Amino acid sequence: MILYHFCANRHIKNILHKGICIGGVTEILPTGYVVHPGWIWLTLNGNPKEQTWDGGLLIRYSRTAWRLTIDIPDKMLNNLYD
């Protein structure tokens, strides 16, 4: 299965050196936000212009500057969460 991971220019060097191993999902709460570490965002949609999560006003850089293609072997598909 082919999936994609998008990242900003500021993250590509570390990813190319260490792999896609550090990630997090931000949960926005009424009292602030919490980052849950260890989650990597992958998508079936490889079009950077269709990544609606990249449209935030608080971040002034593109989080879709780089598109990485991830080939997940069939035997590893049960390790993915949606």
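Analyst: Let's start with surface: accessible areas here come from the Shrake-Rupley method with a 1.4 Å probe, and for residues only the protein chains shown count as cover. In this predicted model, local features need pLDDT of at least 70 and side-chain atom pairs pLDDT 80 or more, while totals for chains, interfaces and linings use all residues. Residues are numbered from 1 along each chain as its sequence is written, and side-chain values use heavy atoms, leaving out hydrogens and water.

User: Okay, what does the accessible surface of the protein chain come to?

Analyst: About 6900 Å², with 58% of that belonging to carbon and sulfur atoms. The C-alpha atoms fill a box of roughly 40 × 25 × 25 Å along the principal axes.

User: Which elements make up the secondary structure of the protein chain?

Analyst: Helices (H or I, at least four residues) and strands (E, at least two) are DSSP runs, numbered from the N terminus. Here you get 1 helix and 4 strands, in the order β-α-β-β-β from the N terminus.

User: Which residues make up the largest nonpolar core?

Analyst: In soluble globular proteins, nonpolar side chains tend to be buried together. "Buried" means under 20% relative accessible area, "exposed" over 50%, and "partly exposed" in between (1.4 Å probe, protein chains only). A nonpolar core joins buried Ala, Val, Leu, Ile, Met, Phe, Trp, Tyr and Cys residues through side-chain atoms within 4.5 Å. The largest one here has 7 residues: Leu3, Cys7, Ile12, Ile15, Leu68, Ile70 and Ile72. Across the chain, buried residues account for 18% of the 82 residues.

User: And what does leucine 68 touch?

Analyst: Contact means heavy atoms within 4.5 Å. Setting aside residues up to four places away in sequence, leucine 68 touches Leu3, Tyr4, His5, Ile12, Ile15 and Ile20.

User: How many disulfides does the count come to?

Analyst: A disulfide is a covalent bond between the sulfur atoms of two cysteines; the rule here asks for a pair of cysteine sulfur atoms within 2.5 Å. The count is 0. For cysteine 7, the closest cysteine sulfur is in cysteine 21, 12 Å away, so that's too far for a bond. Cysteine 7 is buried, at 5% relative accessibility, and cysteine 21 is partly exposed, at 45%.

User: Where is the place of threonine 26?

Analyst: In strand β2 (residues 24-29). Threonine 26 counts as partly exposed because its relative accessibility is 47%. Beyond its neighbours within four places in sequence, threonine 26 contacts Tyr33, Val34 and Val35. Its C-alpha is 6.3 Å from that of histidine 36, 10 residues apart along the chain.
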